[in-house]
Amino acid sequence: MTHTLGRPDFDLIAAWIQPGHRVLDLGCGDGTLLKHLIDTRGVQGWGVEIEDANILAAIRNGINVIQGNLEKGLDEFADQAFDHVVLSRTLQTVRHTEGILREMLRVGREAVVSFPNFAYWKNLRSVLDGRMPVSEDLPYQWYDSPNVRFFTLLDFEDLCNRMGLVIRERSVLDEEGNPVTDEVNFLGSLAVYRLTQNR
Amino acid sequence: MPGQSVGVVESQRAHFDQALHLRSGGILPAYDLVYETYGTLNAAKSNAILVCHALSGHHHIAGHYADQPDNIGWWDNIVGPGRPLDTDRYFIVGLNNLGGCHGSTGPSSLNPATGKPWGAAFPIVAVNDWVHAQARLADRLGIDSWAAVMGGSLGGMQALRWSITFPERVRNAIVIAAAPKLSAQNIAFNDVARQAILTDPDFHGGDYYAYDTRPVRGLRLARMLGHITYLSDDQMGEKFGRELRNSAFSFGFDVEFEIESYLRYQGDKFAGYFDANTYLLMTKALDYFDPSREDDGNLNATMARTQANFLIASFTTDWRFTPARSKEIVAALLANGRNVSYAEIDLNFGHDSFLMEDAHYHGVVDAFLRNIKL
């Protein structure tokens with residue numbers, strides 16, 4: 001299975017986003033996802049990044065990028081300014097988990113969150129073998145990982161429930177980016193969720 | 001330094017006979033603007049960039065004069081072939097604003113009505129007045145719309161004002177180390193600077209030209225104070241610390257600490273060439289700047305009138321116009337769904353960082369400019 005830009009979650013995210021929508025991508029890196037969404041879905045996009053090198057790369061890519069620290073909230077964005085707020089493979093690097101989820105749904109109608117599942121069977125096996133997991137979706141050594149929160153699909157869904165967030169849709173992928181439908185907390189390496197506020 | 005200097009440049013003068021009605025109610029019946037251009041205006045006249053100057057700047061942005069090889073433009077490091085303001089691609093325009101003291105009509109120019117220097121009779125000019133005067137220069141040069149208008153500090157405020165006053169004439173705006181309006185502290189510093197000038201016995205109510213003197217002491221103090229606010233505490237500490245010119249204290253009021261020596265030198269140098277009335281006017285233009293005033297203070301409503309794509313940049317150590325002030329502009333643009341990028345650049349030179357050469361800072365400006373479609 002081939003995926004856009006080698007990122008299977010990008011295809012899922014793109015499919016959920018309507019043409020012309022306003023999209024905010026938190027931790028947008030060099031703006032690859034936004035550029036893809038602009039080119040293929042005709043969205044209006046903005047990104048938030050903290051790293052200088054990514055700011056430069058995103059501007060070079062012709063992407064609107066705002067330098068900022070997700071840990072400090074999204075003060076410069078107005079309530080409900082976006083149709084979608086994307087946090088792709090970044091939630092596990094943010095310390096203020098509840099804070100950023102609330103901010104996403106303050107500034108956006110819908111949050112799209114993807115993250116690596118720490119309960120993926122290969123990760124579990126790795127820990128049983130006595131080593132921290134390193135995989136396609138967790139491509140870091142324990143000593144250089146930007147990840148500060150370690151959680152599973154079940155953990156995340158518990159938190160959403162506790163925060164009163166509604167899971168509108170969920171897609172789970174294995175390490176090759178193929179969809180997983182059974183035993184997702186065990187067989188899924190990467191999860192993508194669509195969330196809204198409880199109504 | 002990557003890229004090259006533009007080399008030898010010449011300044012030009014444009015005379016305008018059409019009266020300019022100013023925000024203060026004053027009228028300039030006719031005026032001159034001195035300006036410089038670098039690069040070549042393309043056939044479509046779509047590659048022009050206006051660079052606006054800050055408080056003490058002028059039209060000589062880049063290069064040097066044939067007979068003054070050491071007189072290098074104030075933002076030379078960013079202009080030239082292969083530099084962010086690439087003269088192989090762009091036609092760069094810089095001018096001296098009205099009220100200035102570098103050749104454009106200002107308080108030290110002769111008032112045609114009296115045959116004497118304008119002095120205190122020169123009307124107060126606002127940022128928006130400058131923008132209107134700059135628009136007339138654009139008309140004269142055949143430039144309908146700027147590829148970009150840019151500037152740092154007060155120059156950034158002009159770029160912002162351009163995007164509001166003439167939205168259809170600004171395709172991109174680069175606003176660096178600026179603010180949507182001054183804070184009480186900003187105005188307070190400006191007023192102390194003005195008081196230094198106004199209370200100098202040589203000021204003579206602004207008509208010192210007639211007395212063949214200049215309020216040098218006041219202007220010197222004003223510059224010393226201003227200079228402190230342009231630098232960061234860290235940078236001052238690193239550069240001067242508590243270093244003494246001599247090894248021991250002299251227990252007197254002469255220059256002892258290196259920072260005193262530096263500030264006095266900067267003050268003397270500035271007071272030697274700058275006009276005190278121009279300094280007063282520039283600080284008032286800063287104080288009055290507040291485009292949102294037209295919308296009862298609602299900056300979002302003001303920025304709704306813009307059409308440009310924006311690059312907003314601030315510097316982490318700038319305490320005169322902090323990153324938070326730039327973010328106010330960013331927030332107002334985002335609220336209107338404008339195309340905007342914001343870079344918070346980690347440089348140690350305080351407010352003056354905008355004039356420094358830094359690979360990341362210049363890289364950001366370069367990347368933004370290279371994406372402009374001509």
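A salt bridge here is a side-chain nitrogen of Lys or Arg within 4 Å of a carboxyl oxygen of Asp or Glu. Before you click on, note that this is a predicted model, where local features need pLDDT of at least 70, side-chain atom pairs count only at pLDDT 80 or more, and totals for chains, interfaces and linings use all residues. Residues are numbered from 1 along each chain as its sequence is written, chains are lettered from A in the order in which they are written, and side-chain values use heavy atoms, with hydrogens and water left out.

Across all chains, the search turns up 24 salt bridges. Here are some to visit.

**Between the chains.** Select B:Lys327 and A:Glu76, a salt bridge whose closest N and O atoms are 3.8 Å apart. The pair joins two chains, because B:Lys327 sits in helix H9 (residues 323-335) of chain B and A:Glu76 in the loop between strand S3 (64-67) and strand S4 (82-88) of chain A. Helices (H or I, at least four residues) and strands (E, at least two) are DSSP runs, numbered from the N terminus. Buried means under 20% relative accessible area, exposed over 50%, and partly exposed in between (1.4 Å probe, protein chains only).

**Back inside chain B.** Next, pick B:Arg83 and B:Asp76, which form a salt bridge with closest N and O atoms 3.4 Å apart. Both B:Arg83 and B:Asp76 are buried.

Then go to helix H3 (residues 184-198) of chain B, where B:Asp191 and B:Arg194 are three residues apart, or about one helical turn. Their salt bridge has its closest N and O atoms at 3.7 Å. B:Asp191 is partly exposed at 33%, whereas B:Arg194 is buried at 6%.

**Last stop, chain A.** Show helix H1 (residues 8-16) and helix H2 (residues 32-41) of chain A, which pack at an angle of about 45° with their axes 10 Å apart. Axes are lines fitted to C-alpha atoms, for helices over the stretch in contact, and angles run from 0 to 180 degrees between N-to-C directions. For the contact (heavy atoms within 4.5 Å), select A:Phe10, A:Asp11, A:Ile13, A:Ala14 and A:Ala15 in H1(A), which meet A:Thr32, A:Leu33, A:His36, A:Leu37 and A:Arg41 in H2(A).
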